[in-house]
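Here is a set of questions and answers on how the parts of a protein model pack and touch one another. Each answer works towards the value or name that was asked for.

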Amino acid sequence: MSYQEKKNIVSLISSLLIFGIYSFYVFQKYQDRSLDQTDAFSFWGAFILILIPVTIAAKIIISIAFSIFYNVTTNEKEPSFADELDKLIALKATRNSHYGFVFGFLLAMGSLVLHMQPSVMFIILICSGLASEIVGVVSQLYYYRKGV
Amino acid sequence: MGKSLIGNNVRKLRFNHNEMTQQQLADQVGVTRQTIVTIEKGNYSPSLELAFRIARVFGLPLEDVFFLEDHQ
């Protein structure tokens, strides 16, 4: 398995772990509180705004740790640049990821049309964010393995 | 996606050039080893620029390294 494939697998696992741990922590903290409409919007806004920097920071740390671990275990240096294949795969994966998010966004809007709770809309939006990230990483894995 | 219509002799040419490794070829043409692996498997058709650079490493014209596969 190549460095790029291993990196994508680590990225996939870390995304799921970060999202899972963060969601578990937040919902444990707030599960007993009943939120009125204004509080609910504030809660979901904060959930998303805090999730973004937490994910970025955790991913940077995990990426550095993986790099060190890879160097130590394989005695190989990770590629220091992205070549034409890497760029093409990243572009295609980003496109697939965007399709995933747009689908989730439309579902979220659909939930509002069907007069569901606003929290349902936020949950769909957040889940589609996670799903789009997974789609992106799995696409990269697929393209590295099967070619473009 | 998958097998491209462009075939190549890169693996054979590497072997004939003092058993050059994929990493050595990758370093000479300025790509990662993964890209050479993917090209050799026929899963990626390189850009014209990269194809010319690979051919130059082997000192051969482009058509001796890459060719259009006959899918009949």
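A salt bridge is counted here when a side-chain nitrogen of Lys or Arg lies within 4 Å of a carboxyl oxygen of Asp or Glu.

Q: How many salt bridges does the rule count over all chains?
A: The model is a predicted one, and side-chain atom pairs count only at pLDDT 80 or more. Side chains of opposite charge can pair when their charged atoms come close. Over all chains, the count by this rule comes to 5 salt bridges.

Q: What is the order of the elements of chain A from the N terminus on?
A: The C-alpha trace of chain A spans about 55 × 30 × 20 Å along its principal axes. Its secondary structure comes to 4 helices and 0 strands, and from the N terminus on the elements run α-α-α-α.

Q: How many residue pairs are in polar contact across the interface of chain B and chain A?
A: The contact takes 13 residues from chain B and 16 residues from chain A, and the two chains bury about 1,200 Å² between them, 53% of it on carbon and sulfur atoms. With both residues at pLDDT 80 or more, the number of residue pairs in polar contact is 7.

Q: Which helix gives the largest share of the side of chain B that touches chain A?
A: By class, this side of chain B has 5 nonpolar, 8 polar and no charged residues. The largest share is 3 residues, and these come from helix H3 (residues 33–40) of chain B.

Q: At what angle do helix H2 and helix H4 of chain B pack?
A: H2(B) passes H4(B) in a right-handed crossing, and the contact includes Leu25(B) of H2(B) and Phe58(B) of H4(B). By class, this contact has 6 nonpolar, 1 polar and 1 charged residues. The axes are 9 Å apart, and the angle is about 115°.

Conventions. Residues numbered from 1 in each chain as written. Chains lettered and ligands numbered in written order. Predicted model: local features only at pLDDT ≥ 70, side-chain atom pairs only at ≥ 80, totals over all residues. Heavy atoms only, no water. Axes fitted to C-alpha atoms, helices over the stretch in contact; angles between N-to-C directions. Helix = DSSP H or I, 4+ residues; strand = E, 2+ residues; numbered from the N terminus. Left-handed = near helix turned anticlockwise from the far one by under 90°. Contact = heavy atoms within 4.5 Å. Nonpolar A, V, L, I, M, F, W, Y, C, P; charged D, E, K, R; others polar. Buried area = accessible area lost by both parts, 1.4 Å probe. Polar contact = N/O pair within 3.5 Å; in protein donor to acceptor, adjacent residues only side chain to side chain.
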